[in-house]
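Student: Could you help me learn to read a protein structure? I would like to look at a few features one by one.

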Amino acid sequence: MRVLIVSDVHANLVAFDAVIEDAGSVEMIWSLGDIVGYGPEPNACIERLREFDHIAIPGNHDWGVLGKLDLSDFNAFARAANLWTRDQLTETSREYLESLPEVAVCGDFSMAHGSPRSPIWEYLLYADMAQPSFDFFETSVCFVGHTHVPVIFRDVRDTGAWPTLAIHEGVPFELDGRERYIINPGGVGQPRDGNPKASYAILDTTARRVTHHRVEYDIWITQGRILDLGLPASLANRLLWGR
Ligand code: ZN
């Protein structure tokens, strides 16, 4: 099965559509959370995802919108956008977000927004942060999002080998059946690794290969929509820098 893996779409429909087009034919989309928050088109992004056979889990922004998290843990811009999103959300979108399971498993692959250990909130920024999480999922691979930074961590607790593996855009990474991995596809709607192109991954479940991809999209369209709607200007600016 060929799967498009996305995370942190963040209501950026232009970026999401660019990713879907660039990915080509896929059997499923797996969405790792934060489909809403920050961006201007929350309902449209949920509707787009639902056009596909898909698996989705919630992120901290999705839970924030549902009132399941205390927004005082969000920074001021994230909080403002989250409250705006809450007002915009249709009943259908709300019910859909409510229906999402905190974590998901499909075959030998798990999914959690932040980390397997603490799915909604924990950030796996560095390899040493990721190691304890290998005890919190059963499959060989867990896909995570939340940091908006593409990365591959491997379980090196027994070997002491180098824990972070290089990502070469467009070059398939072969999943070694003897190893376990935590893989972040990067962020679709608000990349934060200094590269403003939308980030995603393609998983071939049969060949056990993951390929990271980047695609340009019309950033200024999303920026214009953010400003027109009165959302914080910093949320438009950062898209240009990928920070
Ligand atoms: Zn996010």
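Student: Which residues does valine 6 touch, leaving out those up to four places away in sequence?

Tutor: Keep in mind that this is a predicted model. Leaving out residues up to four places away in sequence, valine 6 touches Phe16, Val19, Ile29, Trp30, Ser31, Leu32, Pro185, Val188 and Tyr200. Val6 also belongs to the largest nonpolar core, which has 46 residues. Together with Leu4, Phe16, Ile35 and Leu97, Val6 is among those with the most contacts inside that core.

Student: Which helix gives the most to this core?

Tutor: That is helix α1, residues 13-23, with 8 residues. There is also a second, separate core of 21 residues, and Met111, Val141, Ile183 and Val210 are included in it.

Student: How do I read a helix that has buried residues on it?

Tutor: Start with the general idea: an α-helix has 3.6 residues a turn, so residues three or four places apart point the same way. Now take helix α5, residues 91-98, where the buried residues are Ser93, Tyr96 and Leu97. Looking down the axis of α5, you find these buried residues within an arc of 95°, so they line one face of the helix. Glu91 and Glu95, on the other side of α5, are exposed.

Student: What do the buried residues of α5 pack against?

Tutor: They pack against α2 (42-50), β3 (54-56) and α3 (60-65).

Student: And how should I read a sheet?

Tutor: In general, strands of a sheet pair through backbone hydrogen bonds, either parallel or antiparallel. Here, 6 strands form an open sheet with mixed pairing, in the order β4-β5-β6-β10-β7-β8. At the edges are β4 (104-106) and β8 (164-165), each pairing on one side only. Inside the order, β5 (residues 109-111) runs parallel to β6 and is joined to it by 3 bridges. Across this pair, methionine 111 stands opposite phenylalanine 143 in β6.

Student: Is threonine 139 buried or exposed?

Tutor: Buried means under 20% relative accessible area. Threonine 139 has 9% relative accessibility, so it counts as buried. You can find threonine 139 in the loop between α6 (127-130) and β6 (141-143).

Student: Which side chain joins that of threonine 139 in a polar contact of 2.6 Å?

Tutor: The side chain of serine 110 does. A polar atom of the threonine 139 side chain also lies 2.9 Å from the backbone oxygen of valine 141. Beyond four places in sequence, threonine 139 touches Val105, Gly107, Asp108, Phe109, Ser110 and Arg180.

Note on methods
Residues are numbered from 1 along each chain as its sequence is written. This is a predicted model: local features need pLDDT of at least 70, side-chain atom pairs count only at pLDDT 80 or more; totals for chains, interfaces and linings use all residues. Side-chain values use heavy atoms; hydrogens and water are left out. A nonpolar core is a set of buried Ala, Val, Leu, Ile, Met, Phe, Trp, Tyr and Cys residues joined through side-chain atoms within 4.5 Å. Buried means under 20% relative accessible area, exposed over 50%, partly exposed in between (1.4 Å probe, protein chains only). Helices (H or I, at least four residues) and strands (E, at least two) are DSSP runs, numbered from the N terminus. Contact means heavy atoms within 4.5 Å. A polar contact is a pair of N or O atoms within 3.5 Å; within protein, one must be able to donate a hydrogen and the other to accept it, and residues adjacent in sequence count only if both atoms are side-chain atoms. The arc is that of the directions from the helix axis to the C-beta atoms. Two strands pair if DSSP finds at least two bridges between them.
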